[in-house]
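Subject: The structure for you to look at

Hi,

Here is the structure I promised to pass on.

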Amino acid sequence: MIDYLVVGLGLAGISFCETLEKDGKSFKVISDDSQQSSLVAGGLYNPVILKRFTMAWKAKEQMEMAIPFYQHLEKKLKVKLDYKIAVLRKFASIEEQNLWFEATDRPGLDYFLSTNILKNHNPNIDAPFGFGEVKYTGRIDTKALLRNYAEYLEQNGLFQKETFDFSCLEIFKDHLNYKSIKAKQIVFCEGYGLKNNPFFSYLPLNGTKGELLTIKASEYNETNVIKSGVFSIPLGKDLYRIGATYKWKDKTNEPTTDSKRELLEKLKTFLTCDFEVVDHVAGIRPTVVDRRPLVGRHPDHRNMYVLNGFGSRGVLIGPYAAKQLFNNIENRTELDPEINIHRFTKKYYSN
């Protein structure tokens, strides 16, 4: 019997598997390619909500866990994942500059926001009011992470690439069986695929579609992330990732012409040089009605858990939420009430 069966291998699944391995727990993973949000993510770790100049939820605490987490993965997988890169917020007016200065005085934000207004020195960017800089930011190459981590698990006989078949799951008081696998606990890390999970479909996982473009712009020559109406993230070799859109009704992974048009229109408000679109991808972010993760034990099954609902900040939230869940299961520590799915227990029993 193994300790854990983990279903799903996006940022949530990887974060939990790493937590298990560090603590010497045995596990296996089952996953397919149905969920694309981690694969197509921008991968930025940025503690500040730049639309309102406010701190993201528990961002400093999450940053302190996430940076060493990805450093460890780089050594383990022998692959570059963490690219340190500044995030520059383009100001649209003097009023925005003043709001930025006000934000730099707030506790917590003062650590991450530079008090210097940066002048624009890139002739291919229209930014007459300059930029504000967010410090200690970077980009995780999520595509490389998912590919290399899956290969690592496969090499160690810990990964089965298949769609989870709920009809094959047998639940007992002290363990569960899935086909030939016998495990003490099961943790579902399925992203938006949770909507098709008969045990956790009651949870209010809305799902928000996001689309990203990759452009090639040989004249752009920008080494920072630029945030205006969209993010522009340098990838090297004259390539830049542009994103992202937020659509609440469309629940497909198919890129759309409307979102491409929206991204290009916003990009052209500040980028003045020529470029070509070389890729266009889409995925459904696992977003929650109250903008907090979904973590915890099933109301009726004591050996069944969920780790989900990271939204657009999975790179930062993943290690923090995984550790919270692990400590709850193994050490009986209380989950942060803001992420505990017990907040939706009434919804479960009313269904």
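Below is what was found, going from the whole chain to a few pairs of side chains.

Please keep in mind that this is a predicted model. The protein chain has 8 helices and 21 strands. Its radius of gyration is 21 Å, close to the 20 Å that the globule rule gives for 351 residues, so the chain is as compact as a globular protein of that length. Buried residues make up 55% of the chain. Among contacts with a separation of 6 or more, 73% are between residues 24 or more positions apart.

Now for the charges. The chain carries 49 positive and 43 negative side chains, and the centres of these two sets lie 2 Å apart. In the whole structure, 16 salt bridges turn up.

One of them joins lysine 76 and glutamate 21, at 2.2 Å from N to O. This pair links distant parts of the chain, with lysine 76 in helix H2 and glutamate 21 in helix H1, 55 residues apart. Is lysine 76 buried or exposed? Lysine 76 counts as buried because its relative accessibility is 19%, and buried means under 20%. Glutamate 21, at 29%, counts as partly exposed.

Aspartate 258 is exposed at 53% relative accessibility, while arginine 261 is partly exposed at 43%.

Enjoy exploring!

Best wishes

Terms used. Residues are numbered from 1 along each chain as its sequence is written. This is a predicted model: local features need pLDDT of at least 70, side-chain atom pairs count only at pLDDT 80 or more; totals for chains, interfaces and linings use all residues. Side-chain values use heavy atoms; hydrogens and water are left out. Helices (H or I, at least four residues) and strands (E, at least two) are DSSP runs, numbered from the N terminus. The radius of gyration is taken over C-alpha atoms; the globule rule is 2.2 Å times the number of residues to the power 0.38. Buried means under 20% relative accessible area, exposed over 50%, partly exposed in between (1.4 Å probe, protein chains only). Contact means heavy atoms within 4.5 Å. Lys and Arg count as positive and Asp and Glu as negative; His and the chain ends are not counted. The place of a charge is taken as NZ of Lys, CZ of Arg, CG of Asp or CD of Glu. A salt bridge is a side-chain nitrogen of Lys or Arg within 4 Å of a carboxyl oxygen of Asp or Glu.
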